[in-house]
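Dear colleague,

Please find below the structure that I am handing over to you.

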Amino acid sequence: MERITLRRGTLLLVSALLLGACGSPAPQDLLAQILARGTIIVSTDPNYAPQSVLKADGARTEGTACAADQLTAGEMEGFDVDTAVEIGTRLGVETCFATPTWDAITAGNWGDQWDISVGSMTITTARQEILDFTTAYYYTPAQFAASTASGVTSYEGLNGQAVCVGSATTYESWLNGDMVGLGLPASSVYATAPTGITVVSLETDQECAQAIAAGRTDFVAYLTSGTVVDQNISAGVPVARVGDPVFSEDLSVAIDKSHTLGTSTLVSRLDEAVRAMHEDGTLSQLSLKWFNFDLTRAPN
């Protein structure tokens, strides 16, 4: 009986090895996994118009390969959304969206929960320690806006005031004087922060404007992308621009360095895609569509 059992065990082991040899090998890097899966999971913000926002009349894409807890292209819209969808198209896969908090995205160590970020992330020195970045896909000015009821109409009028920012953003770093972590080139910084300010952090930049619209009065102004300020004003939020832009941001696709699979081939392919989208005018067209300006060229 022992000899028969041994032979059967040997046969089972040989069969398993043969099946493993004939079956599909496990993906060796993240790009291979994405291609095998047929989807790329992109983190972005569902409340950051005009870059990314849930569609008011959106519907889940029919026949989608996205998981049930992921959003599809049919449910979101915006410049970042269109950019992410185009990247997926160029890789030959469907783009699916995850919506973790911004501080979770910028902190790295994503736990393989999503593949990349296409969420208007600024390249900074601190972030480069934990994330890889592609060539910037567009550039935005950082702009103050103030409640029209506050009486603040000049940059000097911000001194001593409470100012709102999104948590873990470049705007928060700049207001707190963290220029080392921010790591922007000197040519991209146009002003110093107002003096004596109180920084009020909310989960996202858009929540600052939405709080003012809802009547909140514990801050009078906020700092965010000029694109967001323009969207707020056009949407009827009672705010106005204050002063000129204070710095410029290079915004990029980001990838977590701590992914359990290798990411170098994915970073290379993504960078190729972004460069091609610059060269063939795709990014310029998307920028004009969503911002009415071409923000895809680096500021002088």
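Helices (H or I, at least four residues) and strands (E, at least two) are DSSP runs, numbered from the N terminus. The expected span of a helix is 1.5 Å times one less than its number of residues. This is a predicted model, in which local features need pLDDT of at least 70 and side-chain atom pairs count only at pLDDT 80 or more, while totals for chains, interfaces and linings use all residues. Residues are numbered from 1 along each chain as its sequence is written, and side-chain values use heavy atoms, with hydrogens and water left out.

Helix α3

Helix α3 covers residues 79-91, which makes 13 residues. From its first C-alpha to its last it reaches 19 Å, close to the 18 Å expected at 1.5 Å a residue. Which residues of α3 are buried? They are F79, D80, V81, D82, T83, A84, I87, G88 and L91. Here buried means under 20% relative accessible area, exposed means over 50%, and partly exposed lies in between (1.4 Å probe, protein chains only). As background, an α-helix has 3.6 residues a turn, so residues three or four places apart point the same way. Just after α3, G92 takes a positive phi of about 85°.

Salt bridges

A salt bridge is a side-chain nitrogen of Lys or Arg within 4 Å of a carboxyl oxygen of Asp or Glu. How many salt bridges does a search of the whole structure find? The search finds ten.

D82 is buried, at 19% relative accessible area, whereas K289 is exposed, at 52%.

A salt bridge also joins the side chains of K257 and D132, at 3.9 Å from N to O. K257 lies in the loop between β12 (239-256) and α10 (264-279) and D132 in strand β7 (residues 131-133), so the pair ties together parts that are 125 residues apart in sequence. Both residues are partly exposed: K257 has a relative accessible area of 39%, and D132 has 23%.

R241 and D230 form another salt bridge, with 3.0 Å between the closest N and O atoms. Because R241 lies in strand β12 and D230 in helix α9 (residues 226-234), the pair ties together parts that are eleven residues apart in sequence. R241 is partly exposed at 37% relative accessibility, and D230 is partly exposed at 31%.

The loop between β12 and α10

T263 is also found in the loop between β12 and α10. Is T263 buried or exposed? It is buried, with a relative accessible area of 10%. Leaving aside neighbours within four places in sequence, T263 is in contact (heavy atoms within 4.5 Å) with L30, D132, I255 and D256.

Backbone features

A cis peptide bond joins A49 and P50, with omega about 5°. P50 lies in the loop between β2 (47-48) and β3 (52-54).

D112 has a positive phi of about 60° although it is not a glycine. D112 is found in the loop between α4 (102-106) and β6 (116-122), and it is partly exposed, with a relative accessible area of 31%. N292, another residue other than glycine, has a positive phi near 65°. N292 lies in the segment after α11 (282-291) and is exposed, with a relative accessible area of 63%.

The largest pocket

On a 1 Å grid over the protein atoms alone, a pocket is an open set of points where a 1.4 Å probe fits, with protein on both sides within 12 Å along at least five of seven lines; lining residues have an atom within 4 Å of a point. Grid points are joined across faces, edges and corners, and a volume is the space filled by probe spheres set on the points.

The largest pocket has a volume of about 150 Å³. Its lining includes T106, T124, R127, E172, D178 and L182. Which helix gives the most to the lining? Helix α6 does, with three residues. By class, the lining has three nonpolar, six polar and three charged residues. In this count Ala, Val, Leu, Ile, Met, Phe, Trp, Tyr, Cys and Pro are nonpolar, Asp, Glu, Lys and Arg are charged, and the others, Gly among them, are polar.

Yours sincerely
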